[in-house]
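Colleague: I would like to learn how to read this model, beginning with the chain as a whole and then turning to its strands. Could you take me through it step by step?

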Amino acid sequence: MEYNPYRALIKEFRRIAEEITGSGDLQVIRARAGFGYLSIPLHDLIRGRPELAREVNDKTSLVKSPYLANLRFINGFLNTDVNLVNYGKLVLDSALALGPSYGKSPDVKPLNIVVEHTSANPLHPLHIGHCRNMVLGDSLVRLLRFMGHRVSARFYLDDTGIQVMYLALGYRHVKDLVRRRIELGLKPDQVMWIVYSVTNAVAEVQRLTRMLEGKGEEEYRELVRERDEWVSVIADWLSKDKELVDSLVKALSSIDVNSEVARMAKAYEDGELGVKELVREAVNLVLRGFEETLNQFDVKFDQYDWESEVAVYNGLAKRVIMDLVKAAPSYVEFKDGVYVFRADKAAAELKLWDELRLPKFVPPATLNRSDGTTLYLTRDVAYAIWCLTNCNPDMVVRVIAVEQTHPQAQLRIMLKLLGFDASRIVHYAYEMVNLGDVKMSSRRGQAVTVDSLLEDAVRRVRAIASGRGGLNIDEVARAVAVGAIRYYFASVSPSKQIVFDWGRVLDMNQNSGPFIQYTYVRAYSILNKANVDVEPGQYTVPTSLSQEEGNLLLMIGEFPETLLKVSEDLKLENLVSFINRLALEFNTFYEKYPVINAEPGVREFRLALVKGVRVVLENSMRILGIPVLSRM
RNA sequence: GGGCCCGUAGCUCAGCCAGGUUUAGAGCGGCGGCCUUCGGAGCCGUAGGUCGUGGGUUCAAAUCCCACCGGGCCCGCCA
């Protein structure tokens with residue numbers, strides 16, 4: 001048995017090649033189709049040494065190895081096939097014996113890892129941008145746990161930001177209406193979205209109206225145009241919930257929203273009781289909505305870190321500024337009541353680019369508002385310090401949109417200057433999700449929510465599944481929809497922008513979550529019907545294998561190595577494409593060869609093979625959070 | 001103006017970090033087939049590509065380097 005059969009195979013090949021060539025440090029690559037399975041380029045070695053080339057060529061036929069076959073020297077490459085009878089047995093025995101742990105690499109040193117993800121501001125329902133974050137983050141959590149690391153999944157809850165105060169202010173005036181709607185079954189974050197967006201719109205209308213005074217004609221027109229946009233935001237919400245919006249607008253009309261919000265922000269940071277209660281109540285309502293959505297996708301957090309608790313009330317955020325002044329006075333400027341951190345200067349003078357993986361340009365950062373309240377970045381530094389101190393992580397993976405590259409770079413520089421090991425903090429950046437040519441704006445009420453995406457997917461799946469009897473359609477539809485959505489977001493490199501396309505997400509054909517689930521069901525039902533449990537060693541690999549059987553053995557053998565690389569690079573999309581290839585190959589095999597009705601001997605082998613495929617599919621699905629179904 | 005990311009088939013994307021062999025891979029969509037066999041959300045076949053452009057490095061470039069073109073994001077009291 002081997003935890004990583006592929007690696008064992010490579011080791012064997014390298015050993016033999018080194019023996020033949022008398023040279024060490026050879027690089028094994030996958031052979032191109034038609035040239036065997038593995039290959040070692042020897043061009044450098046044999047250049048100008050024809051006698052060595054001849055020697056290598058002669059020696060290949062003498063090699064004896066249980067795992068390698070048909071070693072030959074072609075075009076400067078040492079190519080080899082695999083002895084599938086022996087290697088295939090090693091692979092299957094390993095997959096069968098290890099089962100749910102097949103793919104784990106026991107020599108990976110277990111680390112303490114914090115994965116912080118989703119971390120949406122508690123203002124409105126999660127939208128498809130958050131969905132990408134959530135899927136990536138939760139899959140990383142599952143992946144790293146599978147590999148044996150101790151992972152803490154954390155949601156950084158920004159309850160201190162100015163935007164939350166808009167939500168809380170609006171909520172103060174329509175509490176009863178909000179409560180009634182939630183009691184009637186509306187999702188709390190959905191209701192609070194209206195409150196947040198309308199309050200924001202009223203604030204914008206007020207601000208723009210004030211700006212109109214004494215402006216020239218052109219500027220005046222521009223401001224009115226901008227104001228009209230916000231008026232139409234209110235109008236849109238009005239058409240959805242007239243009672244709530246009417247009474248909210250009426251209540252806010254007598255208030256200077258912007259200055260009240262600023263006052264509340266200060267009061268909340270100071271821990272003033274009334275405001276604190278109000279904000280917590282509002283935030284908790286939105287959070288209840290988040291959790292409903294997260295549960296649908298089986299996303300669990302070990303901890304919600306409330307920013308006010310981990311960064312503000314403990315005084316850390318303010319101390320960050322003072323400590324920075326002390327530790328790096330030449331990089332902190334003070335003017336007009338505001339501290340500015342010269343990240344640009346620090347990065348350049350201390351040459352931190354490589355150590356902290358910084359972009360070549362990092363802009364300066366303002367650390368506080370002139371009214372004394374803290375800014376997000378400063379609180380974020382405080383949170384990082386809190387996290388490094390309290391969670392004792394070897395690595396902190398933060399799933400955060402790529403547009404925050406600069407603030408995240410500034411954060412690492414500050415941490416470094418404050419004496420912390422900032423290189424442990426990894427900004428796992430993902431590109432944004434667009435709706436065609438419009439950028440989403442939850443503030444303006446323009447966003448596709450995760451809930452609506454899921455419901456649409458469920459509807460779509462129901463249409464396909466309704467023809468099948470004897471199963472709980474609703475439960476299955478939900479699991480398949482979740483699988484489709486998770487697969488889609490995990491399959492695209494985080495560095496690529498996504499133009500959101502319902503058709504692609506809801507595609508249930510090959511290269512999709514449902515396709516993987518379906519393939520698993522096929523494997524499962526064969527094994528279920530055969531009703532025998534194949535154990536390691538209870539079968540022999542036939543000498544005449546089909547192409548498909550051989551490919552499946554090789555792929556099962558590659559799984560641990562693939563997974564190891566995926567977990568080192570944090571590239572989930574490579575796991576996705578691996579299982580898609582495996583599923584394609586398995587379905588080809590499935591169509592062509594009987595398993596249960598195969599002749600004795602072959603039957604046992606094929607059952608073992610199917611079981612091996614099932615093990616790899618199941619482990620992969622668990623890592624990607626694709627629900628595992630036995631019927632669908 | 002500066003920095004970062006993306007550009008591969010009509011469309012959506014792997015492959016690039018650690019270059020490798022003669023035909024650069026998937027899916028969707030086209031077109032043509034397969035329901036007497038373990039579940040057809042499947043399978044088989046077929047058409048479709050100057051790997052954005054131009055240089056360079058190399059025995060060898062989609063992959064590394066440089067320049068340019070196209071798209072996106074960021075660049076001090078939002079997050």
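**Reading chain A**

Modeller: Of the 632 residues in chain A, 55% are buried, where buried means under 20% relative accessible area, exposed over 50% and partly exposed in between, with a 1.4 Å probe and protein chains only. This is a predicted model, in which local features need pLDDT of at least 70 and side-chain atom pairs count only at pLDDT 80 or more, while totals for chains, interfaces and linings use all residues. Residues are numbered from 1 along each chain as its sequence is written, chains are lettered from A and ligands numbered from 1 in the order in which they are written, and side-chain values use heavy atoms, with hydrogens and water left out.

Colleague: What does the secondary structure of chain A come to, and which domains does the assignment give?

Modeller: Chain A has 24 helices and 14 strands, these being DSSP runs numbered from the N terminus (helices H or I, at least four residues; strands E, at least two). The assignment, which is automatic or from a database, gives domain 1 (5-82) and domain 2 (162-301), and their centres, taken over C-alpha atoms, are 68 Å apart.

Colleague: How should I read strand pairing, and what order do the strands have in the open sheet of 4 strands?

Modeller: Strands of a sheet pair through backbone hydrogen bonds, either parallel or antiparallel. Here two strands pair if DSSP finds at least two bridges between them, and the open sheet runs in the order β1-β2-β4-β3 with antiparallel pairing. Because β1 (29-30) and β3 (68-74) each have a single partner strand, they stand at the edges, and one side of each is left without a neighbour in the sheet. The antiparallel pairing of β3 with β4 (residues 77-82) extends over 5 bridges, and isoleucine 74 has phenylalanine 77 in β4 as its bridge partner.

Colleague: Are the two faces of strand β9 covered or open?

Modeller: In a regular strand the side chains alternate between the two faces of the sheet. In β9 (residues 338-341) both faces are covered, with Val338 and Val340 buried on one side and Tyr339 and Phe341 buried on the other.

Colleague: Which strands pair with β9?

Modeller: β8 (residues 332-335) pairs with β9 in the antiparallel sense over 4 bridges, with valine 332 bridged to phenylalanine 341. The two strands form a hairpin with 2 residues between them, and aspartate 336 in the turn has a positive phi of about 55 degrees. β9 also pairs with β10 (residues 365-366), in the antiparallel sense over 2 bridges, where valine 340 stands opposite threonine 366.
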